[in-house]
Amino acid sequence: MTEVLKRRLGLGLLTAYGVGVMVGAGIYVLVGAVVGQAGLWAPLAFLLAGLVALPSALVYAELATRMPEAAGEVAFIERGFASTALGLVAGLAIVLAGTISGAAVLRGGAGYLGALVPVPEPWLIVALGLVLVIVAAVGVLESMVFAAVLTVIEVGGLLAVCAVGLAAGPAADWTAPAAPDWPGVAAAISLCFFAFIGFDNIENMAEEVRDPTRTLPRAILLALAVTAVLYGLVSLAAVRAVPHAALAASERPLALLWETATGRSAAFLSAIAVFAAVNGVLAQIVMAARVLFGLGRRAGWLGAFHHAHPRFGTPVLATLLVGTALIGAALALPVAALAEATAVVLLAVFVLVNIAAIRIKRRSPAAPFRVPGFVPWAGLVAAALALVAAGGAFG
(Lines give C-alpha, C1' and ligand atoms only; values in the text may rest on other atoms or scores of the structure.)
Protein backbone atom coordinates (compact mmCIF):
# COMPACT_ATOMS: atom_id res chain seq x y z
CA MET A 1 0.00 0.00 0.00
CA THR A 2 1.00 3.62 -0.53
CA GLU A 3 -0.15 6.91 0.97
CA VAL A 4 -0.08 8.75 -2.37
CA LEU A 5 -3.02 8.92 -4.77
CA LYS A 6 -2.35 8.96 -8.53
CA ARG A 7 -2.64 12.34 -10.26
CA ARG A 8 -4.59 11.44 -13.40
CA LEU A 9 -7.33 14.08 -13.69
CA GLY A 10 -7.48 17.15 -15.91
CA LEU A 11 -9.90 20.05 -16.28
CA GLY A 12 -12.41 18.30 -18.56
CA LEU A 13 -13.08 15.24 -16.43
CA LEU A 14 -13.09 17.25 -13.20
CA THR A 15 -15.60 19.74 -14.59
CA ALA A 16 -17.82 16.93 -15.89
CA TYR A 17 -17.67 15.32 -12.43
CA GLY A 18 -18.86 18.58 -10.84
CA VAL A 19 -21.68 19.06 -13.35
CA GLY A 20 -22.81 15.46 -12.84
CA VAL A 21 -22.89 15.89 -9.05
CA MET A 22 -24.93 19.10 -9.24
CA VAL A 23 -27.39 18.18 -11.98
CA GLY A 24 -28.40 14.73 -10.73
CA ALA A 25 -31.95 13.49 -10.90
CA GLY A 26 -33.38 16.25 -8.70
CA ILE A 27 -33.91 18.67 -11.58
CA TYR A 28 -36.60 16.32 -12.94
CA VAL A 29 -38.77 17.24 -9.93
CA LEU A 30 -37.38 20.59 -8.82
CA VAL A 31 -38.58 22.57 -11.84
CA GLY A 32 -42.22 22.13 -10.87
CA ALA A 33 -41.63 23.31 -7.29
CA VAL A 34 -39.70 26.36 -8.48
CA VAL A 35 -42.38 27.28 -11.03
CA GLY A 36 -44.94 26.96 -8.25
CA GLN A 37 -43.11 29.70 -6.34
CA ALA A 38 -41.77 31.98 -9.08
CA GLY A 39 -44.08 31.29 -12.04
CA LEU A 40 -42.80 32.76 -15.27
CA TRP A 41 -39.70 33.99 -13.45
CA ALA A 42 -38.43 30.49 -12.59
CA PRO A 43 -35.42 30.86 -14.95
CA LEU A 44 -34.45 34.07 -13.13
CA ALA A 45 -34.71 32.24 -9.79
CA PHE A 46 -32.32 29.52 -10.99
CA LEU A 47 -29.80 32.04 -12.30
CA LEU A 48 -29.96 34.14 -9.13
CA ALA A 49 -29.51 30.99 -7.04
CA GLY A 50 -26.35 30.30 -9.00
CA LEU A 51 -25.14 33.81 -8.12
CA VAL A 52 -26.00 33.18 -4.47
CA ALA A 53 -23.91 29.99 -4.55
CA LEU A 54 -21.04 31.76 -6.34
CA PRO A 55 -19.34 33.32 -3.27
CA SER A 56 -19.04 29.96 -1.52
CA ALA A 57 -17.77 28.41 -4.76
CA LEU A 58 -15.12 31.14 -5.00
CA VAL A 59 -14.12 30.52 -1.39
CA TYR A 60 -13.73 26.79 -2.08
CA ALA A 61 -11.70 27.66 -5.18
CA GLU A 62 -9.27 29.81 -3.18
CA LEU A 63 -8.93 27.44 -0.24
CA ALA A 64 -8.44 24.48 -2.57
CA THR A 65 -5.37 26.20 -4.03
CA ARG A 66 -4.04 26.95 -0.54
CA MET A 67 -4.64 23.38 0.70
CA PRO A 68 -5.00 21.07 -2.32
CA GLU A 69 -5.72 17.83 -0.51
CA ALA A 70 -8.40 15.19 -0.04
CA ALA A 71 -10.81 16.07 2.78
CA GLY A 72 -10.35 19.70 1.83
CA GLU A 73 -13.10 21.00 4.09
CA VAL A 74 -11.40 19.28 7.02
CA ALA A 75 -8.15 21.09 6.23
CA PHE A 76 -9.93 24.42 5.76
CA ILE A 77 -11.81 24.22 9.06
CA GLU A 78 -8.81 22.82 10.92
CA ARG A 79 -6.59 25.70 9.85
CA GLY A 80 -9.21 28.42 10.12
CA PHE A 81 -10.29 27.48 13.63
CA ALA A 82 -6.94 26.00 14.76
CA SER A 83 -8.89 22.93 15.87
CA THR A 84 -8.15 19.41 14.73
CA ALA A 85 -11.19 18.14 16.63
CA LEU A 86 -13.62 20.46 14.81
CA GLY A 87 -12.12 19.46 11.48
CA LEU A 88 -12.51 15.77 12.30
CA VAL A 89 -16.13 16.23 13.36
CA ALA A 90 -16.88 18.11 10.14
CA GLY A 91 -15.13 15.43 8.07
CA LEU A 92 -17.00 12.57 9.68
CA ALA A 93 -20.26 14.48 9.20
CA ILE A 94 -19.46 14.90 5.50
CA VAL A 95 -18.73 11.17 5.13
CA LEU A 96 -22.00 10.29 6.88
CA ALA A 97 -23.98 12.84 4.85
CA GLY A 98 -22.48 11.60 1.58
CA THR A 99 -23.24 7.99 2.48
CA ILE A 100 -26.86 8.71 3.40
CA SER A 101 -27.38 10.97 0.38
CA GLY A 102 -25.89 8.34 -1.92
CA ALA A 103 -28.11 5.67 -0.34
CA ALA A 104 -31.21 7.75 -1.03
CA VAL A 105 -30.17 8.26 -4.65
CA LEU A 106 -29.35 4.55 -5.01
CA ARG A 107 -32.79 3.57 -3.78
CA GLY A 108 -34.41 6.09 -6.12
CA GLY A 109 -32.34 4.86 -9.07
CA ALA A 110 -33.28 1.26 -8.31
CA GLY A 111 -36.92 2.34 -8.26
CA TYR A 112 -36.59 3.90 -11.73
CA LEU A 113 -34.74 0.83 -12.99
CA GLY A 114 -37.36 -1.47 -11.49
CA ALA A 115 -39.96 0.20 -13.69
CA LEU A 116 -37.92 -0.90 -16.70
CA VAL A 117 -36.55 -4.27 -15.52
CA PRO A 118 -38.73 -6.86 -13.69
CA VAL A 119 -36.27 -7.52 -10.83
CA PRO A 120 -37.02 -7.03 -7.10
CA GLU A 121 -35.78 -3.68 -5.84
CA PRO A 122 -33.42 -5.05 -3.13
CA TRP A 123 -31.54 -7.07 -5.74
CA LEU A 124 -31.26 -4.01 -7.97
CA ILE A 125 -29.92 -1.96 -5.06
CA VAL A 126 -27.24 -4.53 -4.29
CA ALA A 127 -26.30 -5.07 -7.95
CA LEU A 128 -26.06 -1.36 -8.80
CA GLY A 129 -24.20 -0.63 -5.59
CA LEU A 130 -21.63 -3.37 -6.08
CA VAL A 131 -20.93 -2.35 -9.68
CA LEU A 132 -20.34 1.26 -8.61
CA VAL A 133 -18.08 0.25 -5.72
CA ILE A 134 -15.97 -1.78 -8.13
CA VAL A 135 -15.78 1.10 -10.62
CA ALA A 136 -14.77 3.52 -7.83
CA ALA A 137 -12.09 1.14 -6.54
CA VAL A 138 -10.53 0.22 -9.90
CA GLY A 139 -9.17 3.70 -10.64
CA VAL A 140 -9.95 7.39 -10.44
CA LEU A 141 -9.51 7.92 -14.18
CA GLU A 142 -11.85 5.03 -14.95
CA SER A 143 -14.37 6.36 -12.42
CA MET A 144 -14.25 9.88 -13.83
CA VAL A 145 -14.51 8.71 -17.46
CA PHE A 146 -17.54 6.60 -16.54
CA ALA A 147 -19.04 9.56 -14.64
CA ALA A 148 -18.36 11.85 -17.60
CA VAL A 149 -20.21 9.50 -19.97
CA LEU A 150 -23.18 9.46 -17.59
CA THR A 151 -23.05 13.26 -17.33
CA VAL A 152 -23.12 13.60 -21.13
CA ILE A 153 -26.22 11.36 -21.21
CA GLU A 154 -27.90 13.40 -18.46
CA VAL A 155 -27.12 16.74 -20.08
CA GLY A 156 -28.08 15.45 -23.52
CA GLY A 157 -31.49 14.38 -22.22
CA LEU A 158 -32.07 17.75 -20.60
CA LEU A 159 -31.01 19.59 -23.76
CA ALA A 160 -33.43 17.45 -25.78
CA VAL A 161 -36.22 18.46 -23.41
CA CYS A 162 -35.15 22.10 -23.75
CA ALA A 163 -35.16 21.89 -27.54
CA VAL A 164 -38.69 20.54 -27.82
CA GLY A 165 -39.96 22.96 -25.19
CA LEU A 166 -38.47 26.00 -26.91
CA ALA A 167 -39.65 24.83 -30.34
CA ALA A 168 -43.23 24.04 -29.28
CA GLY A 169 -46.13 26.44 -29.44
CA PRO A 170 -46.28 28.66 -26.34
CA ALA A 171 -48.64 27.88 -23.48
CA ALA A 172 -51.64 30.11 -22.87
CA ASP A 173 -49.97 31.86 -19.93
CA TRP A 174 -46.74 32.55 -21.82
CA THR A 175 -47.25 36.29 -22.12
CA ALA A 176 -45.25 39.46 -21.81
CA PRO A 177 -43.93 39.24 -18.24
CA ALA A 178 -45.11 41.58 -15.57
CA ALA A 179 -42.74 42.76 -12.87
CA PRO A 180 -41.32 39.81 -10.89
CA ASP A 181 -43.10 38.63 -7.78
CA TRP A 182 -40.00 39.12 -5.66
CA PRO A 183 -41.25 37.25 -2.55
CA GLY A 184 -42.05 34.28 -4.79
CA VAL A 185 -38.70 34.55 -6.57
CA ALA A 186 -36.91 34.71 -3.20
CA ALA A 187 -38.71 31.59 -2.00
CA ALA A 188 -37.79 29.85 -5.26
CA ILE A 189 -34.13 30.86 -4.86
CA SER A 190 -34.00 29.07 -1.51
CA LEU A 191 -35.23 25.92 -3.29
CA CYS A 192 -32.84 26.35 -6.21
CA PHE A 193 -29.82 26.89 -3.97
CA PHE A 194 -29.79 23.22 -2.99
CA ALA A 195 -29.55 22.27 -6.66
CA PHE A 196 -26.09 23.86 -6.77
CA ILE A 197 -24.62 21.95 -3.83
CA GLY A 198 -21.98 19.68 -5.30
CA PHE A 199 -19.23 22.03 -6.42
CA ASP A 200 -17.71 21.32 -3.00
CA ASN A 201 -17.10 17.71 -4.06
CA ILE A 202 -14.57 18.84 -6.63
CA GLU A 203 -11.90 19.98 -4.20
CA ASN A 204 -11.87 16.56 -2.49
CA MET A 205 -10.27 15.21 -5.69
CA ALA A 206 -7.31 17.60 -5.28
CA GLU A 207 -4.67 14.92 -4.69
CA GLU A 208 -5.60 13.20 -7.96
CA VAL A 209 -5.57 16.34 -10.13
CA ARG A 210 -2.69 17.38 -12.34
CA ASP A 211 -1.65 20.98 -11.56
CA PRO A 212 -4.33 21.46 -8.86
CA THR A 213 -3.67 25.16 -8.21
CA ARG A 214 -4.69 25.95 -11.79
CA THR A 215 -7.23 23.22 -12.43
CA LEU A 216 -9.33 23.23 -9.24
CA PRO A 217 -10.59 26.86 -9.39
CA ARG A 218 -11.40 26.55 -13.08
CA ALA A 219 -13.28 23.27 -12.63
CA ILE A 220 -15.33 24.60 -9.69
CA LEU A 221 -16.38 27.78 -11.48
CA LEU A 222 -16.95 26.12 -14.87
CA ALA A 223 -19.13 23.41 -13.32
CA LEU A 224 -21.20 26.04 -11.50
CA ALA A 225 -21.61 28.14 -14.67
CA VAL A 226 -22.58 25.18 -16.89
CA THR A 227 -25.11 23.98 -14.33
CA ALA A 228 -26.67 27.44 -13.90
CA VAL A 229 -27.09 27.89 -17.67
CA LEU A 230 -28.56 24.39 -18.02
CA TYR A 231 -31.04 24.97 -15.20
CA GLY A 232 -32.02 28.31 -16.70
CA LEU A 233 -32.65 26.77 -20.13
CA VAL A 234 -34.65 23.84 -18.74
CA SER A 235 -36.89 26.10 -16.66
CA LEU A 236 -37.34 28.53 -19.57
CA ALA A 237 -38.46 25.72 -21.86
CA ALA A 238 -40.84 24.47 -19.17
CA VAL A 239 -42.58 27.78 -18.43
CA ARG A 240 -42.84 28.54 -22.15
CA ALA A 241 -44.46 25.27 -23.24
CA VAL A 242 -46.61 24.14 -20.28
CA PRO A 243 -49.19 26.06 -18.24
CA HIS A 244 -47.59 27.05 -14.95
CA ALA A 245 -50.31 25.57 -12.76
CA ALA A 246 -49.89 22.19 -14.45
CA LEU A 247 -46.11 22.30 -13.96
CA ALA A 248 -46.43 23.21 -10.30
CA ALA A 249 -48.91 20.38 -9.66
CA SER A 250 -46.94 17.71 -11.52
CA GLU A 251 -44.56 15.23 -9.87
CA ARG A 252 -43.01 14.69 -13.34
CA PRO A 253 -42.72 18.25 -14.72
CA LEU A 254 -40.10 17.48 -17.39
CA ALA A 255 -41.99 14.40 -18.55
CA LEU A 256 -45.09 16.62 -18.74
CA LEU A 257 -43.10 19.13 -20.79
CA TRP A 258 -41.97 16.44 -23.26
CA GLU A 259 -45.44 14.94 -23.59
CA THR A 260 -47.07 18.37 -24.05
CA ALA A 261 -44.53 19.53 -26.62
CA THR A 262 -44.28 16.31 -28.66
CA GLY A 263 -47.42 14.30 -27.93
CA ARG A 264 -45.16 11.28 -27.34
CA SER A 265 -44.31 9.19 -24.30
CA ALA A 266 -41.54 10.45 -22.02
CA ALA A 267 -40.52 6.96 -20.89
CA PHE A 268 -36.93 7.58 -22.01
CA LEU A 269 -36.62 10.13 -19.21
CA SER A 270 -36.94 7.29 -16.71
CA ALA A 271 -33.91 5.67 -18.30
CA ILE A 272 -31.99 8.94 -18.12
CA ALA A 273 -33.01 9.29 -14.48
CA VAL A 274 -31.37 5.90 -13.85
CA PHE A 275 -28.13 7.20 -15.40
CA ALA A 276 -28.39 10.36 -13.29
CA ALA A 277 -28.90 8.31 -10.14
CA VAL A 278 -25.97 6.03 -10.95
CA ASN A 279 -23.79 9.09 -11.52
CA GLY A 280 -24.90 10.59 -8.22
CA VAL A 281 -24.16 7.42 -6.26
CA LEU A 282 -20.72 7.05 -7.84
CA ALA A 283 -19.93 10.69 -7.02
CA GLN A 284 -20.86 10.21 -3.37
CA ILE A 285 -18.80 7.01 -3.04
CA VAL A 286 -15.76 8.69 -4.61
CA MET A 287 -16.13 11.86 -2.51
CA ALA A 288 -16.75 10.17 0.85
CA ALA A 289 -13.83 7.76 0.31
CA ARG A 290 -11.47 10.69 -0.34
CA VAL A 291 -12.65 12.48 2.78
CA LEU A 292 -12.09 9.31 4.79
CA PHE A 293 -8.63 9.00 3.20
CA GLY A 294 -7.84 12.55 4.29
CA LEU A 295 -9.16 11.93 7.80
CA GLY A 296 -6.81 8.95 8.10
CA ARG A 297 -3.91 11.38 7.75
CA ARG A 298 -5.05 13.25 10.86
CA ALA A 299 -6.43 10.66 13.28
CA GLY A 300 -4.53 7.53 14.27
CA TRP A 301 -7.72 5.54 14.80
CA LEU A 302 -8.61 6.21 11.15
CA GLY A 303 -5.07 5.63 9.87
CA ALA A 304 -6.00 2.39 8.10
CA PHE A 305 -7.97 4.42 5.56
CA HIS A 306 -4.99 6.63 4.62
CA HIS A 307 -3.69 4.13 2.09
CA ALA A 308 -3.96 3.88 -1.67
CA HIS A 309 -3.80 0.65 -3.63
CA PRO A 310 -0.35 0.38 -5.30
CA ARG A 311 -1.86 -0.63 -8.66
CA PHE A 312 -5.20 1.19 -8.76
CA GLY A 313 -4.00 4.31 -6.95
CA THR A 314 -7.33 4.67 -5.13
CA PRO A 315 -8.24 4.49 -1.41
CA VAL A 316 -9.64 0.98 -1.78
CA LEU A 317 -10.35 0.27 1.90
CA ALA A 318 -12.14 3.60 2.33
CA THR A 319 -14.09 2.95 -0.88
CA LEU A 320 -15.17 -0.50 0.27
CA LEU A 321 -16.31 0.79 3.66
CA VAL A 322 -18.27 3.70 2.19
CA GLY A 323 -19.80 1.52 -0.52
CA THR A 324 -20.84 -1.23 1.89
CA ALA A 325 -22.36 1.29 4.30
CA LEU A 326 -24.16 3.01 1.44
CA ILE A 327 -25.70 -0.22 0.14
CA GLY A 328 -26.69 -1.26 3.66
CA ALA A 329 -28.30 2.11 4.33
CA ALA A 330 -30.24 1.92 1.05
CA LEU A 331 -31.60 -1.47 2.07
CA ALA A 332 -32.34 -0.85 5.74
CA LEU A 333 -32.72 2.82 6.66
CA PRO A 334 -35.42 5.48 6.07
CA VAL A 335 -32.98 7.25 3.76
CA ALA A 336 -35.52 9.62 2.19
CA ALA A 337 -36.07 11.31 5.55
CA LEU A 338 -32.39 11.13 6.53
CA ALA A 339 -31.25 12.55 3.19
CA GLU A 340 -33.18 15.74 3.85
CA ALA A 341 -31.12 16.25 7.00
CA THR A 342 -27.87 15.94 5.02
CA ALA A 343 -28.60 19.31 3.43
CA VAL A 344 -28.45 20.85 6.91
CA VAL A 345 -25.09 19.15 7.57
CA LEU A 346 -23.60 20.36 4.29
CA LEU A 347 -24.84 23.92 4.78
CA ALA A 348 -23.39 23.94 8.31
CA VAL A 349 -20.06 22.94 6.75
CA PHE A 350 -20.44 25.80 4.24
CA VAL A 351 -20.90 28.21 7.16
CA LEU A 352 -17.77 26.89 8.89
CA VAL A 353 -15.70 26.97 5.69
CA ASN A 354 -16.63 30.60 4.98
CA ILE A 355 -15.76 31.62 8.54
CA ALA A 356 -12.49 29.70 8.22
CA ALA A 357 -11.73 31.54 4.97
CA ILE A 358 -12.27 34.92 6.63
CA ARG A 359 -9.79 34.01 9.37
CA ILE A 360 -7.24 32.43 7.04
CA LYS A 361 -7.26 35.41 4.67
CA ARG A 362 -6.62 37.79 7.59
CA ARG A 363 -3.58 35.82 8.72
CA SER A 364 -2.21 34.99 5.27
CA PRO A 365 -3.43 37.24 2.43
CA ALA A 366 -1.32 35.67 -0.34
CA ALA A 367 -2.72 32.69 -2.25
CA PRO A 368 -2.28 31.09 -5.70
CA PHE A 369 -5.92 32.00 -6.44
CA ARG A 370 -7.26 34.85 -4.34
CA VAL A 371 -10.76 36.36 -4.09
CA PRO A 372 -11.65 39.74 -2.55
CA GLY A 373 -12.18 39.90 1.21
CA PHE A 374 -15.93 40.48 0.98
CA VAL A 375 -16.51 37.19 -0.86
CA PRO A 376 -16.38 34.84 2.18
CA TRP A 377 -18.64 37.26 4.06
CA ALA A 378 -21.17 37.04 1.23
CA GLY A 379 -20.82 33.26 1.21
CA LEU A 380 -21.32 33.15 4.96
CA VAL A 381 -24.54 35.19 4.78
CA ALA A 382 -25.91 33.09 1.90
CA ALA A 383 -25.04 29.78 3.59
CA ALA A 384 -26.45 30.92 6.94
CA LEU A 385 -29.74 32.02 5.37
CA ALA A 386 -29.97 28.75 3.44
CA LEU A 387 -29.24 26.84 6.65
CA VAL A 388 -32.06 28.65 8.47
CA ALA A 389 -34.40 27.92 5.56
CA ALA A 390 -33.38 24.26 5.50
CA GLY A 391 -33.82 23.96 9.25
CA GLY A 392 -37.33 25.39 8.97
CA ALA A 393 -38.22 23.14 6.04
CA PHE A 394 -36.83 19.92 7.50
CA GLY A 395 -37.27 20.61 11.20
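## Reading charges, cysteines and patches

Author: This predicted model holds ten salt bridges.

Reader: Which parts does the bridge between Arg8 and Glu142 tie together?

Author: Start with the contact itself. The side chains of Arg8 and Glu142 meet with N and O 3.4 Å apart. Now place each partner. Arg8 lies in the segment before helix H1 (11–23), while Glu142 belongs to helix H7, so the bridge ties together parts 134 residues apart in sequence. Arg8 is partly exposed at 25% relative accessibility. Glu142 is also partly exposed, at 36%.

Reader: How many residues apart are Glu62 and Arg66 in helix H3?

Author: They are four residues apart in H3 (residues 42–66), which means a separation of about one helical turn.

Reader: Is Glu62 buried or exposed? And Arg66, buried or exposed?

Author: Glu62 is buried, with 1% relative accessibility. Arg66 is buried as well, at 14%.

Reader: Where do Arg297 and Glu69 lie?

Author: Arg297 sits in helix H13 (residues 268–298), and Glu69 in the loop between H3 and helix H4 (72–81). The pair therefore ties together parts 228 residues apart in sequence. Their side chains meet in a salt bridge of 3.2 Å, N to O. Arg297 counts as partly exposed at 35%, whereas Glu69 is buried at 17%.

Reader: Which residues are linked with Glu69 and Arg297 in a network of salt bridges?

Author: Glu78, Glu207 and Arg298 are linked with them in the network.

Reader: On to cysteines. How many disulfides does the structure hold?

Author: First, the general idea. A disulfide is a covalent bond between the sulfur atoms of two cysteines. This structure holds zero disulfides.

Reader: Now the surface. Which residues form the nonpolar patch?

Author: Leu159, Leu166, Trp174, Val229, Leu233 and Leu236 form it, and together they have about 460 Å² of accessible area. Next, trace the patch to its helices. H7 (140–167) and H10 (212–241) each supply at least two of its residues. H10 gives the largest share, three residues.

Reader: Where is Trp174 found?

Author: Trp174 is in the loop between H7 and helix H8 (182–193). Its relative accessible area is 32%, so Trp174 is partly exposed. A patch residue needs over 30%.

Reader: Which residues gather in the patch of positive charge?

Author: Arg79, Arg359, Arg362 and Arg363 gather there, on the surface.

Note on methods: Residues are numbered from 1 along each chain as its sequence is written. This is a predicted model: local features need pLDDT of at least 70, side-chain atom pairs count only at pLDDT 80 or more; totals for chains, interfaces and linings use all residues. Side-chain values use heavy atoms; hydrogens and water are left out. Patches are made of residues with over 30% relative accessible area and no salt bridge: like charges are joined within 9 Å, nonpolar side chains (Val, Leu, Ile, Met, Phe, Trp, Tyr) within 5 Å. Accessible areas come from the Shrake-Rupley method with a 1.4 Å probe; for residues, only the protein chains shown count as cover. A salt bridge is a side-chain nitrogen of Lys or Arg within 4 Å of a carboxyl oxygen of Asp or Glu. Buried means under 20% relative accessible area, exposed over 50%, partly exposed in between (1.4 Å probe, protein chains only). Lys and Arg count as positive and Asp and Glu as negative; His and the chain ends are not counted. The place of a charge is taken as NZ of Lys, CZ of Arg, CG of Asp or CD of Glu. A disulfide is a pair of cysteine sulfur atoms within 2.5 Å.
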